[in-house]
Amino acid sequence: MSKKVSDHVLERLRDWGVEHVFAYPGDGINGLLAAWGRAENNPQFVQARHEEMAAFEAVGYAKFSGRVGVCAATSGPGAIHLLNGLYDAKLDHVPVVAIVGQTNRSAMGGSYQQEIDLLSLYKDVASDFCEMVTVPEQLPNVIDRAMRTAMARRSVTAVIIPADVQELEYSPPGHAFKMVPSSLGMPHYAPVPSDEDLTRAAEVLNAGEKVAVLVGQGARGARQEVMALADRLGAGVAKALLGKDALDDDLPYVTGAIGLLGTRPSYELMTGCDTLLVIGSSFPYTQFLPEFGQARAVQIDIDPHMVGLRYPFEVNLVGDARETLIRLLPLIDPAKDTGWRKKIEKDTARWWEVMQRRAAVDADPVNPEYVVHALSDLLPENVILSSDSGSAANWYARHLKLRGAMRGSLSGTLATMGPGVPYAIGAKFAHGDRPAIALVGDGAMQMNGMAELITIAKYYRQWEDPRLIVAVLNNRDLNQVTWEMRAMEGAPQFLPSQSIPDFAYADFARLAGLDGMRIEKPTDVQGAWEAALAADKPCVLDFVTDPAVPPVPPHATLDQIEAAATAVLKGDSDRAAMVRQGLKAKVQEFLPGRRSREDRPGTDDDR
């Protein structure tokens, strides 16, 4: 039987070890769909409810497996729908290949139905490699380059295949002029800096007395080396949010996340250090790094295009984090003074006490910080966590202690709403033997998470461990933006934009054939987590939480939080009236030990 182009596309993906393609059907890829039927669904076609969700699932799969995520969509609207998920991959440096259909070649340029200039549309998101296949002989080279480039550059690539080309008989490139044969495989390599650069970096680090280390997702494979370096330098280690699982949170010198969603000890680590080492991170917020001129700085990154960003680094080391640190460690002198490390450990221990107290504050009806704090000690040792954007990301960043083999991620640089649930689905296809938990706000759940419960219900029986918990923080408010309006704009909550309807998420889950529980009392929180973790099917936990709990930035003073509370008082709605009652006192409860500057003349300690 003759082989069509569509058959060869799937065959070549199998040759690359692709096991799943996250997709949604459409007539622009009918040829591929028929080939999937002939191939007995190998690689598996994983049917999302929407192309954007298919892309997010591919991103989650890639983040948690370390392999290339592959997604597919039809021409026109299907290809457009992929874009948000693809940009999420691009900005977080995740390898994803998109395969999209296109109208027949004979219709191109004719303003035909669903005809979109996909090469132009994808020019930015797939800037490293985007190609349209117009003749069979372009394959397998185009597929090979898309896969290899995505892996090598940790980026998005795209292959556009017109519908009529999918149906052509496949003929390989020959040994002839203007033919481009190809081969499979991506060699493993680990670039390292020169000895001269390593020596310069060691000189900077050895001269420091108060060293701060910031790690990102690029340090994930160098856990032992980062620990050894931090011990030798007597340093504290902060984590960019994408690197939350790069180092154990229960290490006494790990100060936690950095930035607006970060911790107080991470903020103080940066404001107090005289030397900074950044490993595998492009953390964007300069204001949370040391003041310019305060600290000498060294950066390690595998991508030469990403060094020298964010801060005036004195030495930039281009190389794999683990291999670079292995070569750097013998050049590092042990710290002579332990005072800096002791201060870091004291600050960090105090922070975790503050987190425990904040989680224990009464709220109406449930404190969202308690919901996440209660989960931390219950986390299975091999759990995979995803968080959506919004206030849920604050509690994920601050309250969960990831350790050992635990994995976690979110939309880091794009910070888009919506990936929490599809990330967890992608994680389950990458690791069907591990439990997954998605922390999402009710805004993200209503935006697109609910439909993906149908996807979970369709596929969970094929997972060795069926546990996938979707925890909805149901506060009837687009909470992160509400608080940003108050803190940054001095404006009250604008209800027409911020208030969202309550919904019975647990009932919807049960309607889809999953487990579901609605939790409206603090006393039921821990039991709900325990029941979901013991269940034999996926579960939705609908936690009814208080929208008045502030996601306080780590550097905020009580004065600034009071200003946000004052902004609320400008409103005259029932919702604002509810918040008005005792909000200032509640904010003070959430900031134990922190006083206004007027109460502390002569000191800058705004802890």
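Start by selecting Ala 212: it stands opposite Leu 276 in β10. This is a predicted model, where local features need pLDDT of at least 70, side-chain atom pairs count only at pLDDT 80 or more, and totals for chains, interfaces and linings use all residues. Residues are numbered from 1 along each chain as its sequence is written, and side-chain values use heavy atoms, with hydrogens and water left out.

**Stop 1**

Show β7 (residues 211-215) and β10 (residues 275-279). The two strands run parallel and are joined by five bridges. Helices (H or I, at least four residues) and strands (E, at least two) are DSSP runs, numbered from the N terminus. Two strands pair if DSSP finds at least two bridges between them.

Now widen the selection to the open sheet of six strands. Read across it in the order β9-β8-β7-β10-β11-β12, with parallel pairing. The edges are β9 (254-257) and β12 (315-318), each pairing on one side only. From one strand to the next, the twist averages 15°.

**Stop 2**

Follow the chain to Asp 364. Its peptide bond to Pro 365 is cis, with omega near -5°. Pro 365 is found in the loop between α13 and α14 (368-376).

Pro 140 lies in the loop between β5 and α7. Most peptide bonds are trans, and most residues other than glycine have a negative phi.

**Stop 3: helix α7**

Select residues 141-153. Helix α7 has 13 residues and reaches 17 Å from its first C-alpha to its last, close to the 18 Å expected at 1.5 Å a residue. The expected span is 1.5 Å times one less than the number of residues.

Which residues of α7 are buried? They are Asn 141, Val 142, Ile 143, Asp 144, Ala 146, Met 147, Thr 149 and Ala 150. Buried means under 20% relative accessible area, exposed over 50%, and partly exposed in between (1.4 Å probe, protein chains only). The cover over these residues includes α1 (5-15), β4 (96-102), β5 (129-132) and β6 (156-162).

Step to Arg 154, in the loop between α7 and β6. This residue is not a glycine, yet has a positive phi of about 50°. Arg 154 counts as partly exposed, at 24% relative accessibility.

Compare Lys 178, in the loop between α8 (163-166) and α9 (195-207). Lys 178 is not a glycine either, and has a positive phi of about 60°. Its relative accessible area is 72%, so Lys 178 is exposed.

**Stop 4**

Select Leu 82, Leu 86, Val 96, Tyr 122, Met 445, Ile 456 and Val 470. Of the 54 residues in the largest nonpolar core, these touch the most other members. A nonpolar core is a set of buried Ala, Val, Leu, Ile, Met, Phe, Trp, Tyr and Cys residues joined through side-chain atoms within 4.5 Å. Helix α3 (residues 51-65) gives the largest share of this core, eight residues.

Centre on Val 96. Leaving aside neighbours within four places in sequence, its contacts include Ala 58, Val 59, Ala 62, Leu 86, Ala 150 and Val 156. Contact means heavy atoms within 4.5 Å.

A second, separate core has 51 residues, including Val 237, Leu 247, Val 254 and Val 278.

**Stop 5: aromatic rings**

Rings of Phe, Tyr and Trp (its six-membered ring) pair if their centres lie within 6.5 Å; planes under 30 degrees apart count as stacked, over 60 as edge-to-face and the rest as tilted. By this rule the count is 13 aromatic pairs.

Pick Tyr 267 and Phe 288. Their ring centres are 6.5 Å apart and their planes are at 75°, so the pair is edge-to-face. Tyr 267 counts as partly exposed at 22% relative accessibility, whereas Phe 288 counts as buried at 4%.

Move to Trp 529 and Phe 543. With centres 5.3 Å apart and planes at 40°, this pair is tilted. Trp 529 is in helix α21 (residues 525-533) and Phe 543 in strand β18 (residues 539-544), 14 residues apart. Both are buried.

Finish on one aromatic cluster: Phe 22, Tyr 61, Phe 429, Tyr 459 and Trp 463.

Methods. Axes fitted to C-alpha atoms, helices over the stretch in contact; angles between N-to-C directions.
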